[in-house]
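Q: Hi! Could you walk me through this one while I have it open on my screen?
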Amino acid sequence: MYQALFFLFAASAVGFAINLLIQRHPIHSALSLIGVMGSLASLYLMLGAEFLAVVQVIVYAGAVMVLFVFVIMLLNADKEEPSDRSKMAKYLGLPLLFLLLAMITVVIYRQFPEDAMVQFGDFPGQTAAIGRLLFRDFLLPFEVISILILIAIIGAIVLAKKEP
Amino acid sequence: MPPVTPVHYLFLSMALFTIGVIGVLTRRNVIIILISIELIFNAVNINLVAFSSQFASISGQTFAIFVIVAAAAEAAVGLGIIIALFRNKETVNADEIDLMKW
Amino acid sequence: MQTSDLIRILPEIILAVAGIVVMLLGAFQKQNAGRMHPAIALLGLLGAAGAIAYQYPWRSLDPAFGGMLELDAFSAFFHILFFLVAALVVLSSSEYVAQERLASGEYHALLLFATMGMGLMASSNDLIMIFIGLEISSLASYILVGFRRGVATSSESSLKYFLLGSFATAFLLYGIALMFGATGATNLTEIHLALQAEQNTVTAMASPQLTPLVGPVPTALVGLSIALLFVGFAFKVSAVPFQIWTPDVYQGAPTPVTAFLSTGSKAAAFAVFLRVFMVALEGSAQDWVWLLWVSGLLSMVLGNLAALLQTNIKRMLAYSSIAHAGYILVAFTAHSEEGVAAVMFYLAAYALMNIGAFAVVSHFGNRGERYVEMEHYAGLGYRAPLLAASMTVFLLSLIGIPLTGGFFGKFYIFRAALHADLVWLTVLGVLNSAIAAYYYLRVIVFMYMHPAAEQIPVERVRPAMGFVLIFSMAATFLLGIFPQAVLDFASQAAALLLENLGNGVL
C-alpha cells in the first residue's frame with residue numbers, strides 16, 4: 001500500500017513538473033507547480049511530516065502561488081515562442097539527464113548501508129516537537145529570518161511602487 | 001514490491017531538481033524561470049524531509065520550514081523586480097533583456 | 001538562550017535595530033530625514049563595532065545558540081571589515097543618493113540589513129544559519145542593485161542578479177540537503193567529525209523504536225554535495241565559470257552599491273566559503289582542491305583578458321574583480337593556515353582600494369552616471385588633480401605596486417601558494433598580474449596623457465566623500481608599509497580557525 005501510494009504521488013509530482021516545463025503559458029506553468037506542491041504535500045504526510053504538509057499547502061501552494069498568479073495576470077504575460085534551445089532540450093536533454101540521474105542514484109543506492117532501509121510511515125507526529133525545536137535549538141535562525149521577511153517587504157514596496 | 005527507501009525519495013528529488021534546472025536554462029519567460037527555481041526549492045525540501053524521517057530527527061523538517069520561508073521571500077522580491085522591469089521595458093522575455101553586452 | 005548568547009549577537013541586534021529605526025524615520029519626520037538616515041546608519045555601525053570589542057571576553061566561551069554561531073577571531077576580523085566597508089559606502093553614497101533621488105530610508109536600511117546578514121555569515125557555524133545569512137545579504141543586494149527604478153539598465157541588472165543568484169542559492173541549498181543526508185548533521189564541526197570518522201552522527205538523537213542509520217557515510221553523496229556547495233559559493237564570489245552575472249550587475253547597479261557588492265559581499269562569501277571548506281570539509285580536501293585550482297586559474301585569465309577589452313570603467317572594474325577572486329582562490333588552493341591568512345589580508349586590502357576606486361567613479365560619474373566611459377577620464381589629471389591622484393593610488397594598488405596594500409596582498413598569496421608547492425599556479429598568477437597592469441595603467445594614461453575631448457564638469461568633493469578618499473588612501477598606504485599588524489591578526493585568526501581540527505576536540 002505504502003509503495004503504491006509513493007509511486008502514485010511521485011509519478012504525479014514528476015508529471016506535473018514535466019508539464020510545467022513544456023507549457024508555453026506562464027499561468028499553466030504556475031498551476032502545474034501547484035500540482036507538484038500538492039503531490040509533495042501528500043508525500044510529506046506519508047513521511048510523517050504533517051506540519052510541513054499543512055504549511056506546504058497553506059503557505060506555499062496557497063499564498064506564494066497566488067502571488068505568482070496575481071503577477072502573471074497583472075503583467076498580462078503572453079505565451080512565449082518556443083526557441084531552438086528549448087526544442088533541443090526537450091528531445092535530447094531530458095532523456096540524457098534522466099539517464100545520468102539513474103546512474104548517480106544507483107551509485108548512491110549501492111553505498112547506502114543495509115540498515116538504512118527503514119520502513120517509513122511509522123514515524124510519529126512531530127508538530128509539538130517542531131515547535132519546541134524552533135524555540136530552543138533553532139531559536140536564532142527563527143528570529144533572524146524575520147529580518148529576511150522584513151527585507152522582502154521593503155523590497156517589494158520599493159521596487160514595485162509607482163514613481164512619485 | 002521492494003520497500004520505499006530514502007534513495008527513492010532522493011531519486012524523485014533529483015528528477016524535480018533536474019527538471020527545474022532545465023527550466024531555468026531553456027525557458028525565456030522570466031516568470032517561468034522563477035517558477036522553475038521554486039521547483040528546485042521543492043526538490044530540496046523532499047530531500048530534507050525524507051532524510052529527516054530516515055534519521056528519526058526532526059531538524060531536517062525544521063530546516064524545510066526555513067527553506068519555505070526563504071523561498072516565499074525570494075518570490076516576493078523576484079516578482080517585485082519583474083514588475084519594476086516591466087514598467088521600464090514592457091517585456092518579461094529574457095531574450096529582450098539585453099541592454100548590456102559582454 | 002542565555003545572556004551570553006545575546007551578547008554574542010549584539011552587533012547584529014544593533015544593526016537590525018538601527019536599520020528599523022532608519023526605515024521608520026521617514027514616517028515620523030518629513031524634513032531633514034535624508035540627512036538623518038546616514039547619521040543613524042553610521043551610529044549603528046559604530047555601535048556594532050563597539051559591540052565587537054565588548055564581546056571580547058565572551059568570545060572564548062562555547063559556541064553560541066547551541067553551536068549555531070562561532071565567535072572566533074576569524075569572525076571578528078570579518079565583522080570589522082564589513083562594518084568598515086558599510087560605513088565607507090554610507091559616507092560615499094550620500095551625494096549619490098541625493099542626486100539620483102533614491103529612497104534614502106530604504107536604501108540605508110537595506111544596507112544595514114545586508115551588513116547584518118554578512119556578519120551572520122562570517123560567524124555561522126551551521127549550514128542553516130549560513131543559508132539564512134546568505135539569503136539576507138543577497139536578497140538585500142538584489143533590491144539595492146535595482147534601486148534606480150526609472151533606469152532600465154538598473155532593473156535589468158537587478159533581474160539578472162536575482163535570477164542567477166537564486167539559481168545559485170538553490171544549488172547551494174541542494175548541496176546542504178545532500179550533506180545533511182550523508183552525515184545527518186548541519187553543524188560544521190559535526191560534519192567534520194562525521195566525515196573524519198566516516199560515521200553518521202545521528203545515532204545519538206535517534207528515537208529507540210526505529211532502526212537508526214548507522215554506518216559509513218555514502219561518499220558519492222558527499223562528493224555530489226561538495227560539487228553543489230562549490231557552485232553556490234563560486235557564484236557568490238564571482239569565480240569562473242560562474243561569473244557571467246558580474247559585469248552586467250556591476251555595470252547596472254548604482255555605483256556605491258557596486259562598491260559594496262565587490263568588497264563586502266565578496267568578502268562575506270569568501271568568509272563562508274573558507275569556513276565551510278576549511279572546517280567542515282578539510283578531511284576531503286583532495287576532492288575539492290583541484291576545483292579551486294582550475295577555477296582560480298580560469299578566473300584570473302578570463303577576468304584579466306576580458307578587462308583588457310572594456311571601455312566602460314565600471315565594467316572594467318567588474319572584470320578585474322573576477323580576476324581578483326582568482327588571485328584569492330590561489331591562496332585558498334593552498335588550504336593551509338598561511339593560505340587562509342593570505343586570503344583574509346587580501347580581502348581587507350582589496351576592499352579598501354576598491355571602495356576608493358569606486359568612490360572616485362561614483363563622484364566623477366555625475367548625475368545619471370553619465371561619465372563612466374574610459375575616454376571621459378581623459379585629462380582628469382589636470383582638471384581635478386586630487387581626484388586623479390587618489391584614483392592613481394587605488395589603481396596602482398590594484399596592480400600590486402610596492403608601498404601599497406595590493407602589493408603585500410599578492411605577495412602573501414603567492415608565498416602561501418609556493419609553500420604549498422603550487423609552483424605552476426603561482427607562475428601563472430604572477431604572469432596574470434602583469435597582464436592586469438596594462439588595463440589599470442591605461443586609465444592612468446588617459447587621466448594624465450590625453451587631452452580632454454569635451455568639457456566634463458567635475459563637482460566639488462564634499463567632506464564625506466573627501467573623508468572616504470583620504471581614509472581609503474591612507475589605509476592602502478598603511479597596509480603597504482606596515483602590513484604586519486593586520487597580517488598578525490589574520491594569521492592568528494586562521495590559526496584559531498584550524499587549530500581544533502587536528503586533535504578532533506571541538
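Q: What does B:Phe11 touch, leaving out residues up to four places away in sequence?
A: B:Phe11 touches A:Leu101 and A:Thr105. Touching here is a contact, meaning that the C-beta atoms of two residues, placed from the backbone, lie within 7 Å. Bear in mind that this is a predicted model, where local features need pLDDT of at least 70 and side-chain atom pairs count only at pLDDT 80 or more, while totals for chains, interfaces and linings use all residues. Residues are numbered from 1 along each chain as its sequence is written, and chains are lettered from A and ligands numbered from 1 in the order in which they are written.

Q: Thanks! Which helix does B:Phe11 lie in?
A: B:Phe11 lies in helix 1 of chain B, residues 6-26. Helices (H or I, at least four residues) and strands (E, at least two) are DSSP runs, numbered from the N terminus.

Q: And is B:Phe11 buried or exposed?
A: B:Phe11 counts as buried because it has 21 C-beta neighbours inside 10 Å. The cut-offs are 20 or more other C-beta atoms within 10 Å of its own for buried, 12 or fewer for exposed, and partly exposed in between, with C-beta atoms placed from the backbone.

Q: How far is B:Phe11 from B:Ala43?
A: Their C-alpha atoms are separated by 10.0 Å, and the two residues are 32 residues apart along the chain.

Q: Zooming out, how many helices and strands does chain B have?
A: Chain B has 3 helices and 0 strands. Its radius of gyration is 17 Å, well over the 13 Å that the globule rule gives for 102 residues, so chain B is more spread out than a compact globule. That radius is taken over C-alpha atoms, and the rule is 2.2 Å times the number of residues to the power 0.38. Along the principal axes, the C-alpha trace of chain B spans about 55 × 25 × 25 Å.

Q: What percentage of chain B counts as buried?
A: Of its 102 residues, 76% count as buried.

Q: Back to chain A, then. How many residues does each side give to the contact between chain A and chain B?
A: Chain A gives 68 residues and chain B gives 57 residues. Helix 4 of chain A supplies the largest share of the side of chain A that touches chain B, 11 residues. That side divides into 56 nonpolar, 10 polar and 2 charged residues. Here Ala, Val, Leu, Ile, Met, Phe, Trp, Tyr, Cys and Pro count as nonpolar, Asp, Glu, Lys and Arg as charged, and the others, Gly among them, as polar.

Q: Switching to chain C: how do helix 11 and helix 14 of chain C pack?
A: Helix 11 (residues 255-280) and helix 14 (residues 337-365) of chain C pack at an angle of about 170°, with their axes 7 Å apart. Axes are lines fitted to C-alpha atoms, for helices over the stretch in contact, and angles run from 0 to 180 degrees between N-to-C directions. The two helices of chain C are therefore roughly antiparallel to each other; the label applies over 145 degrees.

Q: Which residues make that contact?
A: Among them are C:Ala259, C:Phe270 and C:Leu274 of helix 11 of chain C, and C:Leu347, C:Tyr350 and C:Phe358 of helix 14 of chain C. The residues of this contact divide into 15 nonpolar, 7 polar and no charged.

Q: One more: how many residues of helix 7 of chain C are buried?
A: Helix 7 of chain C is mostly covered, with 29 of its 32 residues buried. C:Gly184 follows helix 7 of chain C and has a positive phi, near 75°.

How values were computed. Parallel < 35°, antiparallel > 145°, perpendicular 65-115°, else oblique.
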